[in-house]
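Here is a quick walk through one chain, with a look at how some of its parts pack together. Have the structure open as you read.

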Amino acid sequence: KKVVSVNRQLLSILEAYHCPIPLDDMSLAWSALEYPPKIDNAGKEVEIQLEADKIRMMDRLSLQKDQFEKTVEDLQTQVNEASKFGDYDNWETLVETVNNLMDNITQAKEKGEDFNMREKVFGFAPTDYFILDKYTEQLQPFYKLWNMVSDFHNSKNDWLNGEFKELEGDKIEESVTDWWKTSYKMVKGLEEDYPEAAGVSQKLRENTTDFRKHLPVIQSLASKALKMRHWEALSELLGKEINPEEDLTLQGLLD
């Protein structure tokens with residue numbers, strides 16, 4: 001506006017002194033006078049559009065929050081269901097279900113944080129989604145339990161059927177003993193309120209107890225200290241040749 005005002009003053013001076021102005025310059029000068037009101041009108045249109053966009057975004061946020069509330073309610077239902085899982089033999093499916101549920105809760109927390117950020121932009125008080133932290137806390141013991149079951153059975157399969165020479169006796173004993181002790185503690189901690197989960201813990205305790213019977217063999221033979229002469233002596237005692245460099249497995253040794 002200031003530039004246009006100065007130009008108008010200059011045009012007035014030129015006109016007062018009857019100075020000739022090229023037609024193109026005159027046309028450009030007069031067309032420039034139209035821009036201040038054009039800019040004002042464009043600014044008002046943008047403000048109106050921005051306000052309309054803001055209202056649409058607020059409505060969208062409100063709708064998404066309503067939908068999210070349903071998601072939060074569904075998560076509570078799923079956590080309650082997970083606390084009653086007790087089919088030990090179906091552990092592969094159930095551990096996947098529990099892990100997916102924990103991931104969904106984590107994603108819900110991130111979505112809640114996104115809602116809070118958008119609420120802050122609009123000047124709204126942030127919605128408190130503390131209940132999602134409670135869901136994590138409620139699910140944690142069952143998440144831990146089913147992952148212990150999964151870790152034990154997957155590791156057991158690897159130990160029994162993998163290459164024997166790759167086994168490390170100390171680490172195997174450490175893992176099995178940890179599952180054995182923790183499963184016992186979880187039986188005591190869950191049996192009053194969650195009998196199904198306590199039954200799963202008891203079953204894990206029994207399975208780890210059975211596997212612990214093999215630990216003396218594992219500790220004695222899964223050792224880097226053994227030399228070929230030791231394997232030759234073992235072969236002689238068993239009446240069967242055993243070569244750790246060939247396809248030797250723990251299951252084969254136990255058999």
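In which crossing, left-handed or right-handed, does H5 pass H7? The crossing is left-handed. Keep in mind as you look that this is a predicted model.

## The overall picture

Of the 255 residues, 29% are buried. Take the contacts with a separation of 6 or more: residues 24 or more positions apart account for 76% of them.

## H5 against H7

Two packed helices are described by the angle between their axes and the distance between the axes. For H5 (residues 131-161) and H7 (residues 195-212), the angle is about 25 degrees and the axes are 10 Å apart. An angle under 35 degrees counts as roughly parallel, which makes H5 roughly parallel to H7.

On the H5 side, the contact is made by Phe142, Leu145, Trp146, Met148, Val149, Phe152, His153, Lys156, Trp159 and Leu160. H7 brings Ala197, Val200, Ser201, Leu204, Asn207, Thr208 and Phe211. Sort the residues of this contact by type and you get 12 nonpolar, four polar and one charged.

## Rings that pair up

The count of aromatic pairs comes to nine. One of them is Phe68 with Tyr129: the ring centres are 5.2 Å apart and the planes sit at 85 degrees, so this pair is edge-to-face. Phe68 belongs to helix H3 (residues 35-82), while Tyr129 is in the loop between helix H4 (91-121) and H5, so the pair ties together parts 61 residues apart in sequence. Both partners are buried: Phe68 has a relative accessible area of 2%, and Tyr129 has one of 11%.

Phe152 is buried at a relative accessible area of 0%, and Trp179 counts as buried at 9%.

## Where the two stories meet

Which residues do ring pairs link into a cluster? They are Phe152, Trp159, Trp179 and Phe211.

Terms used:
Residues are numbered from 1 along each chain as its sequence is written. This is a predicted model: local features need pLDDT of at least 70, side-chain atom pairs count only at pLDDT 80 or more; totals for chains, interfaces and linings use all residues. Side-chain values use heavy atoms; hydrogens and water are left out. Axes are lines fitted to C-alpha atoms, for helices over the stretch in contact, and angles run from 0 to 180 degrees between N-to-C directions. Helices (H or I, at least four residues) and strands (E, at least two) are DSSP runs, numbered from the N terminus. Angles under 35 degrees count as roughly parallel, over 145 as roughly antiparallel, 65 to 115 as roughly perpendicular and the rest as oblique. A crossing is left-handed if the near helix is turned anticlockwise from the far one by less than a right angle, and right-handed if clockwise. Contact means heavy atoms within 4.5 Å. Ala, Val, Leu, Ile, Met, Phe, Trp, Tyr, Cys and Pro count as nonpolar, Asp, Glu, Lys and Arg as charged, and the others, Gly among them, as polar. Rings of Phe, Tyr and Trp (its six-membered ring) pair if their centres lie within 6.5 Å; planes under 30 degrees apart count as stacked, over 60 as edge-to-face and the rest as tilted. Buried means under 20% relative accessible area, exposed over 50%, partly exposed in between (1.4 Å probe, protein chains only).
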